[in-house]
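Okay, everyone, thanks for coming.

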Amino acid sequence: MYWNKKIECASRQALTEIQSERLVKTVKRVYENIPYYREKMDNTGITPAKIKSIDDISKLPFTTKTDLRDNYPFGAFAVPMNEIVRVHASSGTTGRPTVVGYSKNDIEMWSENVARCLCMAGVNPNDMVQVAYGYGLFTGGLGLHYGTEYLGATTIPISGGNTKKQIQLMRDFGSTVICCTPSYALYIAEVLTEMGIDPDSLKLRTGILGAEPWSENMRKEIEQKLKIKAIDIYGLSEIVGPGVSCECTQQAGMHVNEDHFYPEIIDPETLKPMPPGEVGELVFSTISKEGIPLLRYRTRDLTRLIYDKCECGRTLVRMEKCKGRSDDMLIIRGVNVFPSQIESVLLEMSETEPHYLLIVERDDNLDTLKIQVEVQEQFFSDEIKELQNLTKKIKANIESTLGISVTVQLVEPRTIERTAGKAKRVIDNREL
Ligand code: DLL
């Protein structure tokens, strides 16, 4: 087992002391080594001497993805390139990728944090872990890989895709843990059914699932279909990759490794800190990283922090399952819509599959939302009347949740594209 009890069960005061000491050092380091931070701080009149403890954090300027893009590729690194042993990058949907660099110590720190996460999730050195996140510039594959090795479990570095092979190895090697996106986990379940394999015949018992938002209903579906405990793991490449936070076996919020990644919740409009326990945008400061330290990085992810002690004994603050991203939030005719709300409705209905696509258009200055929904095989009937009734029912359920009118289009089972990585749920054709 890899449980760093000294840190993970530390008192709030002990954690605050570690955070303060590390923040002060980080601020000094970025000021001295990263020109854009020095400029940012000089512009706002903040000197490292003004940051004496973690309580001073709100005096510091925010960092955004644009800052990293402006310093593409290596301008945000705080150490010379000969100390960088690895780079990763996130592609993003537009523009230049965001590049991150790791020193040897960063890789060690990252591996330890992922190992902590796996341990929280109940994974142990006897486990056979199938890492089905993509390997490469994406942090998912290598991040989980280093973590499972650090923990001492057996690692199967299969990467994403080739689902039949995934299933074959799962059977032959007796994989007990699968690491992949939640949408890919569902796809694996679908292929298992197609292949006529009973999930009970597999040894799989845990899924370490993350890299995209997923609802509680989606968790239930995955747990039932794969007969596993589905654990939520969170992270972002800018901060380190997977391993920033993870659920323990209580599945009641993700413990943040806050001795390395200090979380804050802000109001995305006013940028002011939110009162404790309220939902807002998650902001992280890395307080131990060498390669690319980031201060107050705006994640755009929406969640809240829970400071109560967890049943598992860990005192590390928990973040609730992400509600979505502020930039994924669609504003349709003035109403905020999150794809996860629609996902939840579809999962509550027995006739539909959690595979859907939202298509947003603007006709004559009016936004329209069309939702393509996959119908379950047994409900996909040739009877037009039945399909019409089902369409009406889905439409009514979604409209009562969102409070806006939508168009629902039923599509045949397995027609919405499956991916081995992050699912694409929205096509926004509006020209804004
Ligand atoms: O997705 C790192 C990762 C890999 C996390 C594997 C977990 C497992 P990026 O590609 O940089 O990094 O994307 C980061 O993905 O800001 C969130 O919007 C979203 N995200 C990641 N984990 C979760 C999660 C990886 N558990 C962005 N729930 C983040 C909801 C998540 N959203």
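Before anything else, one definition: I'll call a residue buried when its relative accessible area is under 20%, exposed when it is over 50%, and partly exposed in between, using a 1.4 Å probe and protein chains only. This is a predicted model, so local features need pLDDT of at least 70 and side-chain atom pairs count only at pLDDT 80 or more, while totals for chains, interfaces and linings use all residues. Residues are numbered from 1 along each chain as its sequence is written, and side-chain values use heavy atoms, with hydrogens and water left out.

Let's start with helix H11, residues 384-402. Helices (H or I, at least four residues) and strands (E, at least two) are DSSP runs, numbered from the N terminus. Which residues of H11 are buried? They are Leu-387, Leu-390, Ile-394, Ile-398 and Leu-402. If you look down the axis of H11, those buried residues fall within an arc of 90°, so they line one face of the helix. The arc here is that of the directions from the helix axis to the C-beta atoms. Over on the other side of H11, you have Lys-385, Lys-392 and Ser-400, which are exposed.

And what do the buried residues of H11 pack against? Strand S17 (335-337), helix H10 (339-348), strand S18 (352-363), strand S19 (366-375) and strand S20 (407-411). Contact, by the way, means heavy atoms within 4.5 Å.

Now the length check on H11. The expected span of a helix is 1.5 Å times one less than its number of residues. With 19 residues, H11 should span 27 Å, and its end C-alpha atoms are 27 Å apart, which agrees. Just after H11, Gly-403 takes a positive phi of about 80°.

Next, a pair of helices. H5 (residues 104-120) and H6 (residues 139-151) pack at an angle of about 75°, with axes 7 Å apart. That makes H5 roughly perpendicular to H6. On the cut-offs, angles under 35 degrees count as roughly parallel, over 145 as roughly antiparallel, 65 to 115 as roughly perpendicular, and the rest as oblique. Axes are lines fitted to C-alpha atoms, for helices over the stretch in contact, and the angles run from 0 to 180 degrees between N-to-C directions. From H5, the contact includes Trp-110, Val-114 and Leu-118, and from H6, Leu-144, Tyr-146 and Tyr-150 are among the residues involved.

Over to helix H2, residues 12-33, where we find Glu-32. At 49% relative accessibility, Glu-32 counts as partly exposed. Leaving aside residues up to four places away in sequence, Gln-19 touches Ile-54, Glu-258, Tyr-262 and Ile-287.

A cis peptide bond joins Tyr-72 and Pro-73, with omega about -10°; Pro-73 lies in the loop between helix H4 (65-70) and strand S1 (84-90). Lys-227 is not a glycine, yet has a positive phi near 60°. Lys-227 is in the loop between helix H9 (216-226) and strand S7 (229-236), and at 41% relative accessibility counts as partly exposed. Arg-296 has a positive phi too, near 50°, in the loop between strand S11 (280-286) and strand S12 (297-303). Is Arg-296 buried or exposed? Buried, at 2% relative accessible area.
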